[in-house]
Amino acid sequence: MNRTKITGALWPELSYSYDSADLKFGDSLAAAVELPDPVLCFDAVVVGAGDGTDAPVGLYADAIVFNAPITSDNYAVTTEPADLNVTLTPATISWESNTLALTYGQDGGWTDADHLNAVTTTTLGDPPALITGNMVYTYKDGGGAVVAGGQPNAGAITVTATFTPTNAAAALFGPASMDVTFQVDKAVLSVTAKDATRVYGNEVPVYGDGDYTVEGWIGLDGLG
């Protein structure tokens, strides 16, 4: 079976799969077939030394094989090799902005440094220091639609911080992402009716457009 490991991790546990429908008369695989354990084999050399922590990134096609004959009295067994994929260890991110609240139209909005302050916690070197890289933010509203920019509507908005290592760290660590959901509260809108008078006994005046004032609109928002 295909296996994946990250850089710095031990070799993965190897296993195999088979189609039980091919077994006849209630036979079990263990009883019907002498099956050796699968092994790692790179360039026709069985990997026996090393724990895999220094294995370079790459896709090693057909690297998982049976390194001994498979025998059976009643079955002609065919095997297929499997692949080993070694990927970069993801960097790590720390972000505590989910404790902060926002208000629709708030000055500085949801893009200020108080909220978009995710940092990587991955270190490298001796003494260890934080690796360098680029942090990019993308935004989605409660329905999953990407917010291209500007002011998000009131409600839940999910911000994804994606960190991509640069320089020497890029050869050792892969990108990492983390989601934080902000709750954007509704802004306060004040509607005040204008004062009016009527003579006792006359009809109550009818209010219409212009007979009230509205304060608190955000940006180009308005009635309609």
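Okay, let me start with F25, which counts as exposed because its relative accessibility is 86%, and the cut-off for exposed is over 50%. Keep in mind that this is a predicted model. F25 lies in the loop between β1 (3-6) and α1 (29-32). The backbone there is worth a look too: F25 isn't a glycine, yet it has a positive phi of about 55°.

Now, where else do we get a positive phi in a residue other than glycine? D62, with phi near 55°. This one sits in strand β4. And is D62 buried, exposed or partly exposed? It counts as partly exposed, because its relative accessibility is 44%, and that class runs between the 20% and 50% cut-offs.

So let's stay with β4 and go through its partners. Strand β4 covers residues 58-66, and it pairs with strand β2, residues 38-42, in the antiparallel sense over three bridges.

Last stop, the peptide bonds. Which two residues does a cis peptide bond join? D126 and P127, with omega at about 0°. As for where that is, P127 is found in the loop between β10 (123-124) and β11 (129-130).

Methods:
Residues are numbered from 1 along each chain as its sequence is written. This is a predicted model: local features need pLDDT of at least 70, side-chain atom pairs count only at pLDDT 80 or more; totals for chains, interfaces and linings use all residues. Side-chain values use heavy atoms; hydrogens and water are left out. Two strands pair if DSSP finds at least two bridges between them. Helices (H or I, at least four residues) and strands (E, at least two) are DSSP runs, numbered from the N terminus. Buried means under 20% relative accessible area, exposed over 50%, partly exposed in between (1.4 Å probe, protein chains only).
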